[in-house]
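Work through the exercises below with the sequence and the 3D view side by side. Try each task before reading its solution.

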Amino acid sequence: TNLTDMVRDKGSGPYHVERPKVLYSNSTGKYVMWMIIDNEARNLAMAGIAVSNYATGPFDFVRSFYPDGNRTRDQTLFQEADGT
């Protein structure tokens, strides 16, 4: 996965992934990884999403963003028993 594509306007890398969490999406039939993407200075703090056919990967990076326009450091995911 090339993590530099989505942060090209945010300075230079290297970039790293923190606190990955994986859920299965019934609607897409894929595993979705939510993560924090940051740089060495720890001032980027973007949410990132990647998908895979398997829970253990490999994952394809989809995008990164600032949730509600804000940096993020801690993400909590919840999934109903029916997968929604």
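A residue counts as buried when its relative accessible area is under 20%, as exposed when that area is over 50%, and as partly exposed in between. Please keep in mind throughout that this is a predicted model.

**Exercise 1. Describe the overall make-up of the protein chain and the confidence of its prediction.**

Solution. Begin with the elements: the protein chain has four strands and zero helices, so that reading from the N terminus gives the order β-β-β-β. Next, turn to the confidence, where the mean pLDDT of the chain is 83 and 85% of its residues reach 70 or more. Then look at the elements separately, and you will find the highest confidence in S3, at a mean of 93, and the lowest in S4, at 89. Finally, consider burial: 33% of the 84 residues count as buried.

**Exercise 2. Locate Pro58 and decide whether Pro58 is buried or exposed.**

Solution. First find the position of Pro58, which belongs to the loop between strand S3 (46-52) and strand S4 (60-65). Then compare its relative accessibility with the cut-off: Pro58 counts as exposed because its value is 69%, and exposed means over 50%.

**Exercise 3. Decide whether Ser52 is buried or exposed, and state what its side chain reaches.**

Solution. Now follow the side chain of Ser52, which reaches the backbone oxygen of Pro58 at 2.8 Å. Beyond the neighbours within four places in sequence, the contacts of Ser52 are Lys30, Tyr31, Gly57, Pro58 and Phe59.

**Exercise 4. Name the residues of the largest nonpolar core, and find which element gives the most to this core.**

Solution. Listing the members first, the largest nonpolar core consists of eight residues, namely Tyr15, Met33, Met35, Ile37, Leu44, Met46, Ala50 and Phe59. Sorting them by element shows that strand S2 (30-39) and S3 each give two or more residues to this core, and that S2 gives the most, with three residues. As general background, nonpolar side chains tend to be buried together in soluble globular proteins.

Notes:
Residues are numbered from 1 along each chain as its sequence is written. This is a predicted model: local features need pLDDT of at least 70, side-chain atom pairs count only at pLDDT 80 or more; totals for chains, interfaces and linings use all residues. Side-chain values use heavy atoms; hydrogens and water are left out. Buried means under 20% relative accessible area, exposed over 50%, partly exposed in between (1.4 Å probe, protein chains only). pLDDT is the predictor's confidence in each residue, from 0 to 100. A polar contact is a pair of N or O atoms within 3.5 Å; within protein, one must be able to donate a hydrogen and the other to accept it, and residues adjacent in sequence count only if both atoms are side-chain atoms. Contact means heavy atoms within 4.5 Å. A nonpolar core is a set of buried Ala, Val, Leu, Ile, Met, Phe, Trp, Tyr and Cys residues joined through side-chain atoms within 4.5 Å.
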